[in-house]
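Subject: Handing over a structure

Hi,

Please have a look first, and then read on for what turned up.

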Amino acid sequence: MKCGEPAPAIEGLCGLCIKDEHAFDFARSALLFTRTLREIIHHLKYSDRVSLAKPLGDILKECMEREPFTGNLIIPVPLHPSRERERGFNQAELLATRLGRPVATRLLRRRKNTQSQTGLSRNQRKRNLAAAFETRGEVKGTVIVVDDVYTTGSTMDEIARTLKRAGAERVEVLTVARVANDIYRLDATAAVAGVSRTQ
Ligand SMILES: [Zn+2]
């Protein structure tokens, strides 16, 4: 499956992949977003535990090397400048610099300080994110967009659309954690099986 949605035994279960509605070309995550991982990432983002970027970045690198990623330019998902000032760093950028490939930190910018996407429908999310990002300069070839968590894919789709308008041919997505579709979270066995699929 294009987006890497963990779907044990049922190929092509993600509706967006079936309808070919993802704007990005390929997405994989190193780990499923478990409660423990959520705490670890929360510490990284909100408790200034920037040292956590090292082990998480290493896990991310391992995933990048194992999966068929072909991009050679890494683009961390940008925070809105005001949020980055507040936090003092961008966690996606910290993770990106661990990957051993060139990182472009100024190519993509977040123009809108978007509201939380939680509880929004797919269309509402799309509206919320419309024109949220802009590029500075031309983008070439294949790029890898990096973030801590992949939730619904809406943000990544919007970023991919933005990068492709600026010239990117292929947009690959790499995140530490993947929030699995609810139907897997309800089924512990499937969730465990899903780990081996996404990893
Ligand atoms: Zn999908």
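What span should the 14 residues of H3 have at 1.5 Å a residue, and how far apart are its end C-alpha atoms? The helix should span 20 Å, and its end C-alpha atoms are 20 Å apart, which agrees. The expected span here is 1.5 Å times one less than the number of residues.

Before going further, two notes on how to read all this. What you have is a predicted model, in which local features need pLDDT of at least 70 and side-chain atom pairs count only at pLDDT 80 or more, while totals for chains, interfaces and linings use all residues. Residues are numbered from 1 along each chain as its sequence is written.

**The overall picture**

The protein chain holds 9 helices and 6 strands; these are DSSP runs numbered from the N terminus, with helices being H or I of at least four residues and strands being E of at least two. Of its 199 residues, 36% are buried. A residue is called buried if 20 or more other C-beta atoms lie within 10 Å of its own, exposed if 12 or fewer, and partly exposed in between, with C-beta atoms placed from the backbone. Among contacts in the protein chain with a separation of 6 or more, 76% are between residues 24 or more positions apart. Contact means that two C-beta atoms, placed from the backbone, lie within 7 Å.

An α-helix has 3.6 residues a turn, so residues three or four places apart point the same way.

Ala-53 and Ala-92 are 39 residues apart in sequence, yet 8.9 Å apart in space from C-alpha to C-alpha.

**The core and strand S5**

The largest nonpolar core has 41 residues, and those touching the most other members are Leu-60, Leu-95, Val-145, Val-146 and Val-173. Such a core is a set of buried Ala, Val, Leu, Ile, Met, Phe, Trp, Tyr and Cys residues joined through C-beta atoms within 7 Å. Two or more residues each come from strand S1 (26-32), helix H3 (53-66), strand S2 (73-76), helix H5 (91-96), strand S5 (142-150), H7 and S6.

S5 is mostly covered, with 7 of its 9 residues buried. It runs parallel to S2, joined by 4 bridges, and pairs with S6 in the parallel sense over 8 bridges. Strands count as paired if DSSP finds at least two bridges between them. Pro-76 stands opposite Val-146 in S5, while Val-149 stands opposite Ala-177 in S6. Leaving aside neighbours within four places in sequence, the contacts of Val-146 include Ile-74, Ile-75, Leu-95 and Leu-174.

S5, H7 and S6 together make a right-handed β-α-β unit. Right-handed means that, with the strands pointing away from the viewer, the path from the first strand over the helix to the second runs clockwise.

**A few loop residues**

Glu-169 lies in the loop between helix H7 (154-165) and strand S6 (170-178). It counts as partly exposed, because it has 13 C-beta neighbours inside 10 Å. Beyond its neighbours within four places in sequence, Glu-169 is in contact with Gly-141 and Thr-142.

Most residues other than glycine have a negative phi. Asp-20, in the loop between helix H1 (15-18) and S1, has a positive phi near 55°. Ala-131, in the loop between helix H6 (122-129) and strand S4 (133-135), has a positive phi near 60°.

Enjoy exploring!

Best wishes
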